[in-house]
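Colleague: I would like to learn how to read a structure feature by feature, and I would be glad if you gave me the general idea before each case. Could we look at it together?

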Amino acid sequence: MAQNISSDTLTAQPDSVEQEMVRLISNQARRVPLPVFIALVIMSSIAFKPLPAWLVGIWFVVATAVMVSRYLTLKALPDAYELSPQERLQKFVKLNLISGVTHTVALGAFPFFTEAERAFFSVLLMGLCTGSVATCAGYRPALLAYVSPIMVGLSFMWALGPGLEQVSVVERVIGLLLLFYAAVLLGLARELNRGIVEAWDIRTREKQLNVQLQKA
């Protein structure tokens with residue numbers, strides 16, 4: 001419904017469902033840095049053992065820089081009046097894609113992990129994907145941009161096991177279940193976004209009714 005509104009209309013309309021989503025996303029951004037930073041530290045500590053320290057260090061610095069840049073950009077997004085709400089959401093999608101690809105690069109160390117380390121590494125990445133449902137305010141393009149590279153990469157590593165001598169049936173099943181889990185996250189995002197849109201519609205109708213009552 002709200003996706004069909006033109007950019008000109010959005011610019012002229014100071015309050016829209018897209019603008020509401022921008023505000024929600026910006027508010028959620030302040031909760032992201034700490035848990036993501038902790039996850040990056042743990043992931044780096046796991047990768048330090050099988051990989052060169054300088055390589056892991058470069059990835060950690062880049063991933064942290066992306067996280068900080070994302071946080072600062074999202075914090076200022078509601079006040080970026082030179083952009084329409086749709087353009088701000090598109091910017092959010094691009095930031096999530098960069099973040100998702102950066103985290104997916106860490107899967108390059110997957111073949112060097114023990115089975116327990118692979119499982120723990122997977123749990124960390126799945127936790128980040130799960131948290132992104134809320135931090136994206138259910139906005140599916142942004143969620144897809146972040147979750148897709150990570151979950152597809154995880155599924156590929158488990159199901160095909162590049163660099164491993166043998167892949168068991170259980171590992172192939174895990175790869176398929178990871179894709180199923182990604183689909184579940186998209187379903188949750190859809191429901192969350194629907195609730196946000198419906199709540200905004202209700203508030204808009206209430207405002208219109210109040211204006212009509214005042215005129216009467």
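Modeller: Let us begin with two terms: contact means heavy atoms within 4.5 Å, and helices (H or I, at least four residues) are DSSP runs numbered from the N terminus. This is a predicted model, in which local features need pLDDT of at least 70 and side-chain atom pairs count only at pLDDT 80 or more, while totals for chains, interfaces and linings use all residues. Residues are numbered from 1 along each chain as its sequence is written, and side-chain values use heavy atoms, with hydrogens and water left out.

Colleague: What covers the buried residues of helix 3?

Modeller: The cover includes helix 2 (17–29), helix 4 (53–76), helix 5 and helix 6. Buried here means under 20% relative accessible area, exposed means over 50%, and partly exposed lies in between, for a 1.4 Å probe and protein chains only. By that rule P33, V36, A39, L40, M43, S44, I46 and A47 are buried in helix 3. They cover an arc of only 160° around the axis (the arc of the directions from the helix axis to the C-beta atoms), which puts them on the same side of helix 3.

Colleague: How many residues does helix 3 have, and what span does it reach?

Modeller: Helix 3, residues 33–48, has 16 residues and reaches 22 Å from its first C-alpha to its last, close to the 22 Å expected at 1.5 Å a residue; the expected span is 1.5 Å times one less than the number of residues.

Colleague: How should I read a pair of aromatic rings?

Modeller: A pair of aromatic rings is described by the distance of the centres and the angle of the planes. Rings of Phe, Tyr and Trp (its six-membered ring) pair if their centres lie within 6.5 Å, and planes under 30 degrees apart count as stacked, over 60 as edge-to-face and the rest as tilted. A search of the whole structure finds 5 aromatic pairs. In one of them the ring centres of F110 and F121 are 6.5 Å apart and the planes stand at 65°, so this pair is edge-to-face. The pair links distant parts of the chain, with F110 in the loop between helix 5 (85–105) and helix 6 (115–135), and F121 in helix 6, 11 residues apart. Both F110 and F121 are buried. F113 and F121 form a tilted pair, at 5.0 Å centre to centre and 50° between the planes.

Colleague: Which residues form one aromatic cluster?

Modeller: F110, F113, F121 and W158 form that cluster. Within it, F121 is buried with a relative accessible area of 1%, and F113 counts as buried at 6%. A charge sits over a ring if NZ of Lys or CZ of Arg is within 6 Å of the ring centre and within 35 degrees of the ring normal, and the charged end of R118 sits over the ring of W158, 4.4 Å from its centre.

Colleague: What should I know about side chains of opposite charge?

Modeller: Side chains of opposite charge can pair when their charged atoms come close. A salt bridge is a side-chain nitrogen of Lys or Arg within 4 Å of a carboxyl oxygen of Asp or Glu, and by this rule the count comes to 5 salt bridges. In one of them the side chains of K49 and E117 meet at 3.6 Å, N to O. This pair links distant parts of the chain, since K49 lies in the loop between helix 3 and helix 4 and E117 in helix 6, 68 residues apart. K49 counts as exposed at 64% relative accessibility, whereas E117 is buried with a relative accessible area of 17%.

Conventions
Helices (H or I, at least four residues) and strands (E, at least two) are DSSP runs, numbered from the N terminus.
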